[in-house]
Amino acid sequence: MSKASFVVRRLLQLGVTFWAVGTVLFFLFRLMPGDPTAFVVSAQMTPEARQQVIESYGLNEPLYIQYVRFLENALTLNFGQSFHTNQPVREVIWTYLPNTLVLMLSAFVVAYILGIVLGVLTGWYRGSRFEKTTVVTALTARSLPTFYVGLIVLWLFGAGLGVIPMSGMGTAGQSYDSFWARIFTLDFLHHLVAPAAVLAFYYMGYPLLIMRSSMMEVLSQDFIDVCRAKGLSERAIMFKHAARNALLPIITAAAIALGYAVGGSVLIETVFGWPGLGREMVNAVLRRDFPVAQGTFMVLAATIIILNFIADLLYGYLDPRVTYD
Amino acid sequence: MSVLDISDLEVYYETESAPAQAVDGVSFTIEEGENLGIVGESGCGKTTLAKAIIGILPDEGYVNRGSIEFDGKDLTELPDVERRRYKWEEISMIAQSAMNALDPVYTIREQIVEAIETHRPGTGRTESNEIVAEMFDLVGLDPERADDYPHQFSGGMRQRAMIAMALALEPSLVLADEPTTALDVIMQDQILKRIGEIQADINSSMMVITHDVSVVAETCDRVIVMYGGKIAEEGPVEEIFGEPYHPYTIGLKRAFPNIRESDQDLLSISGYPPELTDPPSGCRFAERCPMATNECRTVEPKAHHQDGLRTYCHYADEIDDGFRSRADDPKTWKDTEAARSAQTVAEVND
């Protein structure tokens with residue numbers, strides 16, 4: 001099969017996956033106990049007024065009509081309006097998603113660069129004291145809950161030394177023309193550094209440990225002996241041959257981990273008062289705000305699905321043995 | 001003139017307990033243009049020997065004593081950077097398994113060119129490509145396919161590509177570790193012939209490591225039989241497979257089917273090779289040898305030279321037809337095995 005038809009087929013699969021995720025989300029939220037209108041209608045309302053509100057959200061319609069309408073709207077990326085604030089869901093996502101992405105991506109890039117390099121070195125210098133210390137540190141980092149580390153960092157550097165801000169994404173009272181204008185300010189970086197570092201410290205262990213065991217597996221293969229016999233320099237063997245081969249399992253792992261990271265940002269966003277999508281999603285679920293919850297969940301699912309797709313393509317590019325059938 | 005002169009070489013591996021004496025006091029030479037075979041069962045130290053010569057021992061392996069002289073220079077004394085210059089340019093290898101000896105993520109061309117550019121930095125792309133095409137031609141591969149990845153080649157093609165890479169810099173010595181074990185018999189024959197032709201062409205020497213006696217018989221001038229990290233016997237191919245003196249060689253010879261006497265019983269040497277972390281003080285083979293005496297178990301045998309053979313056996317100089325025919329009889333080995341297991345049972349019952 002050619003690469004083009006592989007891509008087309010994967011894209012079709014992608015569409016089916018989105019539909020399945022959307023359907024599950026839609027029915028799960030309707031199965032959830034609790035009345036979605038409880039937050040918008042008050043006890044003092046007359047039954048007529050209450051009915052009117054319910055009708056205005058389309059909640060009086062039979063479930064299958066609601067479902068068809070949900071699918072139609074989803075096709076145009078319209079997830080409706082928040083039950084709570086009447087704000088269009090698209091706008092809610094547009095406000096909070098970039099904040100989450102900036103935090104996650106900066107933590108992720110740092111974590112994966114560090115993790116991969118340290119993984120290569122620990123795999124290469126197996127049995128050394130450097131390896132043992134690094135692995136123990138990585139395991140510790142991986143086992144500590146991020147919110148706990150986050151609180152300690154806040155207590156130590158925020159409350160204690162006063163070198164980092166206690167909360168939020170910027171100093172109050174500042175305003176910026178655009179999102180981009182904002183994230184390239186020193187003030188923003190000052191707020192970003194603590195939560196990003198805590199996250200990076202936590203994420204780092206995963207690529208490090210995968211890369212290390214992958215390196216050890218590659219290093220035991222015959223072609224490494226041949227490389228050494230060829231008289232290549234240690235650096236060429238370590239990076240050009242061993243690390244290059246060992247990198248393959250990281251691709252898939254990174255794609256899945258990044259997807260989860262975007263969804264799993266709730267705790268760190270709460271601790272550091274970071275106005276991200278994770279926090280918004282939890283609030284939406286608690287308020288039975290179906291449209292916002294559905295929309296945010298769809299975004300997370302989309303992140304994971306699309307990243308996996310990219311990982312597949314990247315894998316085919318990095319490993320010549322991959323065939324498209 | 002000898003290309004390689006190894007004297008009293010000891011290669012050890014660090015282990016949790018005592019070091020494993022994988023190669024223990026081995027001396028031999030390889031002459032220019034000569035093919036030397038090394039045979040022995042798994043774990044006898046033949047691969048370790050090759051790794052020590054080319055300089056790719058794993059971290060836990062080290063040369064404890066002795067020298068590896070190449071062109072009059074002791075390689076064991078050279079610092080890594082200088083040693084690297086000898087690799088591939090002077091001593092190259094054909095790795096054990098063709099399947100995994102090439103890096104899967106680079107094309108064959110990239111891997112051969114890498115070797116050329118590492119050792120001859122001034123070489124241009126055109127010139128490197130010419131060498132690749134020439135080598136592909138020599139080993140019987142289509143030069144058009146140099147840009148394929150290893151997985152696109154069959155086992156036999158990969159082995160040919162490996163040989164093309166090993167000979168690309170026209171080294172003086174090629175170490176072939178089980179060069180054909182992964183191939184079927186017909187392919188094996190073709191490859192061996194091809195190696196022989198190219199080798200004669202560039203006048204390089206070769207050390208063939210194998211447990212397959214027929215490969216040695218076909219390609220080598222001289223053979224070393226190794227057992228438990230030591231040389232058991234060494235000599236010209238015709239002598240070793242004709243009338244050897246060492247009971248191990250005699251047994252080994254009878255362990256392979258003979259085409260002229262196809263109905264003769266095959267011999268099996270019972271027992272296991274010695275523990276290399278705690279080798280026996282006498283002859284390494286004494287434990288499994290049907291002819292062994294008390295002297296064999298306590299005193300290490302010295303070399304006996306006769307008929308062009310070098311034999312490490314106490315009885316090499318007094319061997320007669322009776323001794324040889326008994327050592328050549330599968331029944332002798334079977335009886336010894338039976339006697340030993342009876343003894344073991346008796347010891348356990350005590």
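## A walk through chains A and B

Let's start with a helix that is hardly covered: α12(B) has 20 residues, and the count of buried ones among them is one. Keep in mind that this is a predicted model.

Now step back to the rest of chain B. You'll find twelve helices and twelve strands there. The radius of gyration of chain B is 22 Å, close to the 20 Å that the globule rule gives for 350 residues, so chain B is as compact as a globular protein of that length. Its C-alpha trace spans about 75 × 45 × 40 Å along the principal axes. Burial reaches 44% of the 350 residues of chain B. If you take the contacts in chain B with a separation of 6 or more, 65% of them are between residues 24 or more positions apart.

The C-alpha trace of chain A spans about 85 × 60 × 40 Å along its principal axes, and 34% of its 325 residues count as buried. Among contacts in chain A with a separation of 6 or more, residues 24 or more positions apart account for 74%.

For a look at how helices meet inside chain A, pick out α4(A), residues 89-124, and α13(A), residues 277-286. Two packed helices are described by the angle between their axes and the distance between the axes. Here the axes come within 7 Å and cross at roughly 135°. Angles over 145 degrees would count as roughly antiparallel and 65 to 115 as roughly perpendicular, so α4(A) and α13(A) are oblique to each other. On the α4(A) side, the contact is made by V92(A), I93(A), Y96(A), L97(A) and T100(A); α13(A) brings L277(A), G278(A) and E280(A). By class, the residues of this contact are five nonpolar, two polar and one charged.

Finally, where do the two chains meet? In chain B, 23 residues are in contact with 16 residues of chain A. On the chain B side, α2 (80-86), β6 (91-94) and α3 (108-119) each supply at least two residues. The largest share, three residues, comes from α3(B). Sorted by class, the side of chain B that touches chain A has eleven nonpolar, seven polar and five charged residues.

Definitions and conventions. Residues numbered from 1 in each chain as written. Chains lettered and ligands numbered in written order. Predicted model: local features only at pLDDT ≥ 70, side-chain atom pairs only at ≥ 80, totals over all residues. Helix = DSSP H or I, 4+ residues; strand = E, 2+ residues; numbered from the N terminus. Rg over C-alpha atoms; globule rule 2.2 N^0.38 Å. Buried ≥ 20, exposed ≤ 12 C-beta atoms within 10 Å, placed from the backbone. Contact = placed C-beta atoms within 7 Å. Nonpolar A, V, L, I, M, F, W, Y, C, P; charged D, E, K, R; others polar. Axes fitted to C-alpha atoms, helices over the stretch in contact; angles between N-to-C directions. Parallel < 35°, antiparallel > 145°, perpendicular 65-115°, else oblique.
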